[in-house]
Amino acid sequence: MKYMIASDIHGSSYYCQKLMDAYKYEKPDRLILLGDILYHGPRNPLPRDYNPKEVAELLNKYKNKIIAVRGNCDSEVDQMLIEFPIMSDFSQIVIDNHRFFLTHGHIYNCNNLPNISKGDILCHGHTHVPLAEEYSDIVIFNPGSITFPKENYKKSYGLYDNNMLKIIDFNGDIIKEYKF
């Protein structure tokens, strides 16, 4: 199965549409959202085309294909607009015998590892910095941010397919990759 992984939309309908265009192009089986979906957050500027209601409408069209977790900027009022669950601090899925621990990153991260095993994947956003590497016998994967990338990275999303994790920008260029 092929999974698209994205984080930190922060209410930008413009970049959410770019993500959904990439989703249609990539044709994954599921879309994983790692939080900070609607609100831009008090530390961020207003993003291009800030329209949380439109972001919810774009994503709700794919509600049966989305697995999501709560980010530090997500709240109960956001759940009122979004038609798929977003309020869990983490979720876990198994793909090709790999356990993915899905979280936003503000609670669980490399400085506060969840209870996972050697070879598992800690998949988080929050830092807005793409990452795909081994750390303490686990794989840390961060797809970066589609709206507010940091450290001079481009806006990006992740893909998992055939035992390969990739971080890709909206031009289709691979930023980072990890092969199992």
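**Around the largest pocket**

Tutor: Let's start with the lining: 13 residues line the largest pocket, and Arg-43, Asn-44, Asn-72, His-126 and Lys-150 are the ones nearest its centre. A pocket here is an open set of points on a 1 Å grid over the protein atoms alone, where a 1.4 Å probe fits, with protein on both sides within 12 Å along at least five of seven lines; lining residues have an atom within 4 Å of a point. Before going on, keep in mind that this is a predicted model: local features need pLDDT of at least 70 and side-chain atom pairs pLDDT 80 or more, while totals for chains, interfaces and linings use all residues. Residues are numbered from 1 along each chain as its sequence is written, and side-chain values use heavy atoms, leaving out hydrogens and water.

How much space does the largest pocket hold? About 170 Å³, taken as the space filled by probe spheres set on the grid points, which are joined across faces, edges and corners. Sorted by class, its lining has 7 polar, 4 charged and 2 nonpolar residues. For that count, Ala, Val, Leu, Ile, Met, Phe, Trp, Tyr, Cys and Pro are nonpolar, Asp, Glu, Lys and Arg are charged, and the others, Gly among them, are polar.

Now zoom in on Asn-44, which sits in the loop between β2 (30-33) and α2 (52-60). Helices (H or I, at least four residues) and strands (E, at least two) are DSSP runs, numbered from the N terminus. Is Asn-44 buried or exposed? Asn-44 counts as buried because its relative accessible area is 18%, and buried means under 20%, exposed over 50%, and partly exposed in between (1.4 Å probe, protein chains only). Its side chain reaches the backbone oxygen of His-40 at 2.7 Å. Setting aside residues up to four places away in sequence, Asn-44 touches His-10 and Phe-148, where contact means heavy atoms within 4.5 Å.

Next, look at His-106, in the loop between β5 and β6 (121-123). His-106 counts as partly exposed because its relative accessibility is 26%. Again leaving out residues up to four places away in sequence, His-106 touches Arg-70, Gly-71, Asn-72 and His-126. As for Arg-70, it is 36 residues from His-106 along the chain, with 9.9 Å between their C-alpha atoms.

Terms used:
Polar contact = N/O pair within 3.5 Å; in protein donor to acceptor, adjacent residues only side chain to side chain.
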